[in-house]
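Please open the model in a viewer and keep the selection panel at hand.

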Amino acid sequence: MSSGAFRVSVPASSANLGPGFDAIGVALDMWVRATIQPAMHFSVSFKAGTHVPTNAGFENEIVRGMDRILGGARPDVSVLVENAIPLGKGLGASAAGSVLGLSIGAELAATRPPQSELARHAAELEGHPDNALPALLGGVVIAAMQDGAPPAYLRFELPRTVSAVVVTPRIVLPTAAARALLPAAYERKDVVFNLQRTALLAASLASGDLSQLRVAVGDRVHQPYRAPLVPGFDEMLEFELPGLLGLALSGAGPSVIALVSGEAEAIGEAMQAAFAREAIDSDVFHLGISTRGATVEPLAVARASGAAAAN
């Protein structure tokens, strides 16, 4: 149990990666961070910035995570949050919020929960493991839920030459609305199509051999149904660009992620241009694949590392 001030950092994540629906996700080098200090009473506040929440949803995710560990007992601490993850854009913000809360709760608990329990809580709070576990563990995670037990998962790291280009259109596509678009049943040929590609995607990510990634990210379960709400995405799927390994909706969208090896600037520009042709403004992020998940540091260490990075 921590009695002093500390800082928690949690990465964004991109889930599904084409056919890996609710099963595969990757941590991205984009962060939500919180500074926790002893106080007269419990409070959560947000630093000013581009991605400050406009409603209570993100704060509620943080508090739900803390409550899961601490049983609803609110400690006398202040939680100051600095968020760089776009909200509601398919980059795992809600999972990052709940993992942030779980990590704060674990640090304040009398006995720190084991990692397997944190994984179970994270996946249960989110309802699926594909954003929750990369946020907790970093890297690429392939996972399956188990009733009454922690999720079964394997974690990998991609080759260091691989990075992500994420382009976020300035449109609204709530996750609940995106899920409501999906059919209740699928034809066998489409199930087989996705089974083949999910297996190939998992093998590609586990082995680090991404030569077949362009085929492996093919999908007939969710992307065809969501694509009409993300104008320009179908055009991007047809891109043949140097360094482009694979391209998919990020989570439920509307962000689009490209895994790349070199030529990242040109790929990002091409993706933005596809949105522009649909009269949609967008933001591009060039991101590393984070090998770190949720990280806790004593505040003095966090300040020192921040000062070193600034010099």
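**Stop 1**

Select Glu124 and Arg68, whose side chains meet in a salt bridge with an N to O distance of 2.9 Å; a salt bridge here is a side-chain nitrogen of Lys or Arg within 4 Å of a carboxyl oxygen of Asp or Glu. Glu124 lies in helix 3 and Arg68 in helix 1 (residues 57–70), so the pair ties together parts that are 56 residues apart in sequence. Helices (H or I, at least four residues) and strands (E, at least two) are DSSP runs, numbered from the N terminus.

This is a predicted model, in which local features need pLDDT of at least 70 and side-chain atom pairs count only at pLDDT 80 or more, while totals for chains, interfaces and linings use all residues. Residues are numbered from 1 along each chain as its sequence is written, and side-chain values use heavy atoms, with hydrogens and water left out.

Colour the pair by accessibility: Glu124 is partly exposed at 34% relative accessibility, and Arg68 is partly exposed at 33%. The classes are buried (under 20% relative accessible area), exposed (over 50%) and partly exposed (in between), with a 1.4 Å probe and protein chains only.

Glu117 is partly exposed, at 24% relative accessibility.

**Stop 2: a second salt bridge to select**

Move to Arg220 and Asp190, a salt bridge in which the closest N and O atoms are 3.2 Å apart. The pair links distant parts of the chain, 30 residues apart: Arg220 is in the loop between helix 7 (213–216) and helix 8 (223–226), and Asp190 is in helix 6. Arg220 is partly exposed, with a relative accessible area of 32%, whereas Asp190 is buried at 13%. The structure holds 14 salt bridges.

**Stop 3: Leu200**

Stay in helix 6 (residues 188–207) and select Leu200. This residue is partly exposed, at 29% relative accessibility. Which residues does Leu200 contact, leaving aside its neighbours within four places in sequence? They are Gln212, Val215 and Ala216, where contact means heavy atoms within 4.5 Å. Now show Pro19: the C-alpha atoms of Leu200 and Pro19 are separated by 9.8 Å, although the two are 181 residues apart along the chain.

**Stop 4: helices 2 and 3**

Display helix 2 (residues 93–108) with helix 3 (residues 115–126); they pack at an angle of about 145°, their axes 10 Å apart. Axes are lines fitted to C-alpha atoms, for helices over the stretch in contact, and angles run from 0 to 180 degrees between N-to-C directions. Ser94, Ala95, Ser98, Val99, Leu102 and Ala106 of helix 2 make the contact with Leu118, His121, Ala122, Leu125 and Glu126 of helix 3.

**Stop 5: strand 7 and its partners**

Finally, select strand 7 (residues 163–169): six of its seven residues are buried, so the strand is largely enclosed by the rest of the structure. Five bridges join strand 7 to strand 9 (residues 256–260), and the two run antiparallel; strands pair if DSSP finds at least two bridges between them. Within this pairing, the bridge partner of Ala164 is Leu259. Strand 7 also pairs with strand 10 (residues 282–288), in the antiparallel sense over seven bridges. There, Val165 stands opposite His286.
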